[in-house]
Amino acid sequence: MTDPNSSRAAVSHAAGLTPRKRLRRQIALAVVSTLVLLTAGTGAFALYVYQDLNNNIHRSPISMPSGKPDFGTDQNTDETNILIMGLDSRVDQNGKPFPEEIYNAIHAGDQGDGGYNANVMMLIHIPAGGGRAQGISIPRDDYAELAGHPNGVKMSKIKEAYGLALDEKLRELVRGGMNRDEAYQEARTAGRQAQINTVSNFLGGVRIDHFVEITMAAFYQVAQAVAPIQVCLNQATEDKYSGANFPAGMQEIDAQQAMSFVRQRRDTGKSGLELTDFDRTRRQQAFMVSLAYKLKQAGTFTNPATITSLVGTAKQYIAVDDGFEFLSFAQQASSLAGGNITFTTLPITGYAKRDGKDVNLVDLDQIHATVAQLLGTTPSGSATPETPATGGAGTAETPKTPETPQAPASEAPATPGAPSSEAPADNTYHDWKEPLQAGSIPCVN
């Protein structure tokens with residue numbers, strides 16, 4: 001429990017902070033509590049909020065990859081690479097079920113569904129000196145070598161490293177007589193380590209300084225705390241699997257709709273819109289930008305109930321590495337407050353079946369060169385990045401790019417939940433391969 005005297009002192013200290021320092025500390029809370037690492041707010045709140053978060057968030061002792069000598073270790077130490085991992089598990093950090101209301105809202109089954117796949121993997125690169133940050137999304141089905149070959153699996157979908165390593169470690173520890181709760185936490189650490197190492201290797205030996213792991217419950221509760229949130233869609237769409245049912249254009253959505261928005265990867269309605277997993281990744285990027293936009297608005301961080309909700313969510317449903325220190329990170333992340341970040345999805349060369357699984361095929365030289373270009377490094381032996389191919393040797397089929405829809409017609413502002421206007425022409429995206437620029441609400445498929 002926090003000492004009231006130290007809390008009062010912290011409040012007094014926070015009240016004396018300059019606006020710039022207050023902003024940096026707000027970013028630190030928003031970074032982890034909202035899962036997006038690019039948010040900012042206005043107003044002041046007490047330092048003990050950060051102390052509470054630092055002391056009580058779930059931490060895992062991970063040996064973070066230092067990177068290959070020709071790719072990352074010579075980067076300026078003021079630069080930071082953070083891996084965001086979003087799990088498809090339907091349990092919290094202790095393996096316990098979510099509250100029933102969350103299962104009802106997320107349209108994704110209950111604790112018996114899902115697993116420990118890292119369905120969302122995004123490397124956030126924060127450069128030194130306040131330059132433009134990079135968000136690099138890694139398609140979850142990319143066929144890759146898994147670090148340590150967990151459960152004897154050398155090659156598989158990149159997202160599976162976590163779950164396979166967790167399962168291998170858990171069975172080993174339980175067989176050895178360890179208490180299952182303790183074994184579970186050690187197994188989660190083993191899963192994180194395998195996934196982080198796998199991603200680092202896949203990207204060409206990139207240094208990873210920190211990780212942030214989130215669950216569906218974390219996402220839902222953050223969205224609930226700050227809803228409604230504005231998003232924009234190029235076309236009307238609906239999907240019976242995710243629960244999505246959205247008109248075209250700019251609109252405000254609640255937390256339950258937000259879950260549908262970021263999970264939708266197909267259209268089961270009458271629009272004929274062809275969506276893929278890559279469109280879902282683009283939706284996730286767009287939602288991060290929209291959430292950051294909302295959190296920058298005046299009043300978001302002046303509501304104690306909102307702050308309490310965000311911190312409580314972080315403590316229950318988010319995990320970070322032992323070395324992640326919020327206040328120090330805030331000093332590096334302050335440049336992101338204005339949306340100074342670009343999101344890119346890594347290219348694939350085609351689709352195929354491997355060991356009975358539908359996977360994405362990739363050209364590792366192309367991946368390494370693309371990442372090096374985005375991070376401003378030049379690993380030896382890398383080829384010059386090229387536009388992603390529409391097929392490749394050994395592919396079972398060529399990738400299908402969603403058909404280009406017409407931009408939504410401009411409409412008069414309407415009530416929340418209905419389309420209000422067309423997204424700015426310079427922030428409308430029809431192709432997942434096009435880098436998405438933060439700063440204003442993007443319109444996407």
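These legends go with a set of close-up views of one predicted model.

Because the model is predicted, local features are kept only at pLDDT of at least 70 and side-chain atom pairs only at pLDDT 80 or more, while totals for chains, interfaces and linings use all residues. Residues are numbered from 1 along each chain as its sequence is written, and side-chain values use heavy atoms, with hydrogens and water left out.

**View 1. The whole chain, before zooming in.** There are 12 helices and 17 strands here; helices (H or I, at least four residues) and strands (E, at least two) are DSSP runs, numbered from the N terminus. Of the 445 residues in the chain, 55% are buried. Buried means under 20% relative accessible area, exposed means over 50%, and partly exposed is in between, with a 1.4 Å probe and protein chains only. A contact means heavy atoms within 4.5 Å. Among contacts with a separation of 6 or more, 72% come from residues 24 or more positions apart.

View 2. The whole structure has eight aromatic pairs, and one of them is Phe246 with Phe261, edge-to-face at 6.0 Å centre to centre and 80 degrees between the planes. Rings of Phe, Tyr and Trp (its six-membered ring) pair if their centres lie within 6.5 Å; planes under 30 degrees apart count as stacked, over 60 as edge-to-face and the rest as tilted. This pair links distant parts of the chain, with Phe246 in strand E10 (residues 244-246) and Phe261 in helix H8 (residues 255-263), 15 residues apart. Phe246 is buried at 4% relative accessibility, and Phe261 is buried at 1%.

**View 3. Two arginines over rings.** Arg283 sits over the face of Phe261, 4.8 Å from the ring centre. Arg266 does likewise with Tyr241, at 4.4 Å from the ring centre. The cut-off: NZ of Lys or CZ of Arg must be within 6 Å of the ring centre and within 35 degrees of the ring normal.

**View 4. H8 against H9.** The axes of H8 and helix H9 (residues 277-295) come within 7 Å and cross at roughly 135 degrees, so the two helices are oblique to each other. Axes are lines fitted to C-alpha atoms, for helices over the stretch in contact, and angles run from 0 to 180 degrees between N-to-C directions. Angles under 35 degrees count as roughly parallel, over 145 as roughly antiparallel, 65 to 115 as roughly perpendicular and the rest as oblique. H8 brings Ala258, Ser260, Phe261, Val262 and Arg263 to the contact, and H9 brings Arg280, Arg283, Gln284 and Phe287.

View 5. Strand E8 (residues 229-233) runs parallel to E17 over two bridges; two strands pair if DSSP finds at least two bridges between them. Cys232 has Cys443 in E17 as its bridge partner.

**View 6. The E14-E15 hairpin.** Strand E14 (residues 350-354) and strand E15 (residues 357-361) pair antiparallel over five bridges, and Ala352 stands opposite Val359 in E15. Two residues lie between the strands of this hairpin, and Asp355 in the turn has a positive phi of about 55 degrees.

**View 7. H7 alongside H10.** Helix H7 (residues 216-226) and helix H10 (residues 304-317) pack at about 180 degrees, with axes 9 Å apart, which makes H7 roughly antiparallel to H10. On the H7 side, look for Ala217, Ala218, Gln221, Val222, Ala225 and Val226; on the H10 side, for Thr306, Ser309, Leu310, Thr313 and Tyr317.

**View 8. Around Glu213.** Glu213 lies in strand E7 (residues 210-214) and is buried, with a relative accessible area of 0%. Its C-alpha atom is separated by 5.5 Å from that of Ile318, 105 residues apart along the chain. Neighbours within four places aside, Glu213 contacts Met85, Leu87, Gln93, Tyr162, Arg188, Arg192, Tyr317, Ile318 and Ala319.

**View 9. Thr189 in helix H6.** Thr189 belongs to helix H6 (residues 180-202) and is buried at a relative accessible area of 16%. Not counting residues up to four places away in sequence, Thr189 touches Ser60, Pro61 and Ile62.
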